[in-house]
Amino acid sequence: MNDSENILAIAQAWHEAGEHVAIATVTQTWGSSPRPAGSRMAVTKSGKIAGSVSGGCIEGAVANEALETLASRAGKMLDFGITDERAWEVGLACGGKVKVFVEPVI
Amino acid sequence: MKQSLLAALIAAQAERRAVSLALRLGDGAAFLLPGDPAPEAVIQEAADMRAADRTGTVEIGGESWFIESRNPPPRLILIGAVHISQPLVQIAAAMGFETIIVDPRRAFATDDRFPGTRLMTDWPDDALDQLRPDGRTAIVTLTHDPKLDDPALERALRSDAFYLGSLGSRKTHASRLQRLAEAGFDDTALARIHGPVGLDIAAVTAPEIALSIIAQIVAARRMPARRARAAA
């Protein structure tokens with residue numbers, strides 16, 4: 001466990017309550033990215049969010065991508081960092097790089 | 001993530017079982033280890049990473065794997081159900097520690113004072129024999145009473161606990177070290193005890209002292225990994 005917040009348990013509770021839930025997991029980091037590998041965020045179609053995958057820089061974009069996996073029902077790897085074209089929209093101000101795996105709970 | 005895997009991960013955590021989640025990034029296939037039939041090299045790497053409490057992406061057999069180590073929470077054993085123990089339990093919980101309080105004085109160790117915390121009213125040496133502190137355990141003595149603190153420290157010094165701390169002034173600590181030296185512990189052993197306990201943040205109130213203790217425990221837990229990275 002990386003911290004005291006039990007995101008998987010929250011995701012499970014939401015799923016059991018009938019919510020559509022997606023999970024985002026930091027799988028790799030470079031440089032000064034704020035959250036280590038293993039950090040998680042859970043989101044629901046209804047707009048609930050728990051946990052984080054950065055210092056708040058990319059959560060919005062990750063949440064949107066995670067929710068899209070609810071339709072595709074397949075996991076997807078996201079790259080964020082200063083070399084990424086999306087850096088203009090949702091970059092990491094710290095200059096770090098991070099990979100985030102998003103997937104639906106099915 | 002399949003609901004069944006999610007449930008299995010949460011069950012392992014509830015039972016304090018150390019497990020790994022191995023995700024093959026090429027196709028998203030997930031394995032719960034030990035147990036699921038992953039390639040042998042992945043099972044081995046996951047076991048090594050679990051032992052080192054590491055999580056990350058590794059290349060195995062030409063494929064990328066995300067391997068997450070899910071160890072049970074570290075433990076904090078407090079000797080003394082004293083005033084400082086109350087904020088200490090709360091801050092330790094926020095840091096992800098499971099706290100156990102040991103105090104044979106039943107007036108102190110009450111559920112009223114420590115709701116939801118595991119309390120043991122055994123003598124500290126008996127309690128530590130039962131709890132068997134390991135390399136993921138921190139022990140702090142808080143009673144100032146040699147009758148309670150000393151037997152705990154003697155047991156703690158013979159354990160692999162990653163952190164030992166003892167509340168008390170410099171003078172109290174000096175006489176404590178002298179007693180333990182007379183009991184046969186050498187300087188290397190005694191140097192493991194942080195005393196006076198806590199980082200020096202000029203703490204005054206009980207919550208501030210608790211904060212200084214937890215900060216020192218976090219440093220003891222995390223600093224070795226940073227030193228290893230710096231050396232690499």
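Student: What is the accessible surface of chain A, and what share belongs to carbon and sulfur atoms?

Tutor: The accessible surface of chain A comes to about 4,900 Å², and 51% of this belongs to carbon and sulfur atoms. Such areas come from the Shrake-Rupley method with a 1.4 Å probe, and for residues only the protein chains shown count as cover. This is a predicted model, in which local features need pLDDT of at least 70 and side-chain atom pairs count only at pLDDT 80 or more, while totals for chains, interfaces and linings use all residues. Residues are numbered from 1 along each chain as its sequence is written, chains are lettered from A and ligands numbered from 1 in the order in which they are written, and side-chain values use heavy atoms, with hydrogens and water left out.

Student: How many helices and strands does chain A have?

Tutor: Chain A has 3 helices and 5 strands. From the N terminus on, they run α-β-β-β-α-β-α-β. Helices (H or I, at least four residues) and strands (E, at least two) are DSSP runs, numbered from the N terminus.

Student: Why is Leu78(A) called buried?

Tutor: Buried means under 20% relative accessible area, exposed over 50%, and partly exposed in between (1.4 Å probe, protein chains only). Leu78(A) has 2% relative accessibility, so the residue counts as buried. Leu78(A) lies in strand 4 (residues 76-80) of chain A. In chain A, buried residues make up 47% of the 106 residues.

Student: Which residues does Leu78(A) contact, leaving aside its neighbours within four places in sequence?

Tutor: They are Val62(A), Glu65(A), Val98(A), Lys99(A), Val100(A) and Val102(A), where contact means heavy atoms within 4.5 Å.

Student: What makes the ring pair of Phe31(B) and Trp65(B) tilted?

Tutor: A search of the whole structure finds 1 aromatic pair over all chains. Its rings, those of Phe31(B) and Trp65(B), have centres 5.6 Å apart and planes at 50°, so the pair is tilted. By definition, rings of Phe, Tyr and Trp (its six-membered ring) pair if their centres lie within 6.5 Å; planes under 30 degrees apart count as stacked, over 60 as edge-to-face and the rest as tilted.

Student: Where in the chain are the two partners, and are they buried or exposed?

Tutor: Phe31(B) is in strand 2 (residues 29-33) of chain B and Trp65(B) in strand 4 of chain B, 34 residues apart. Phe31(B) is buried because its relative accessibility is 11%, and Trp65(B) is buried because its value is 1%.

Student: Which backbone oxygens does the side chain of Ser69(B) reach?

Tutor: The side chain of Ser69(B) reaches the backbone oxygen of Met49(B) at 3.3 Å and that of Arg54(B) at 2.5 Å. A polar contact is a pair of N or O atoms within 3.5 Å; within protein, one must be able to donate a hydrogen and the other to accept it, and residues adjacent in sequence count only if both atoms are side-chain atoms. Ser69(B) is found in strand 4 (residues 63-70) of chain B, and its relative accessible area is 3%, so Ser69(B) is buried.

Student: How do you know that Lys97(A) sits over the ring of Trp30(A)?

Tutor: The charged end of Lys97(A) is 4.9 Å from the centre of the ring of Trp30(A), and sits over that ring. The definition asks for NZ of Lys or CZ of Arg within 6 Å of the ring centre and within 35 degrees of the ring normal. Arg105(B) likewise lies over the face of Phe108(B), at 4.3 Å from the ring centre.
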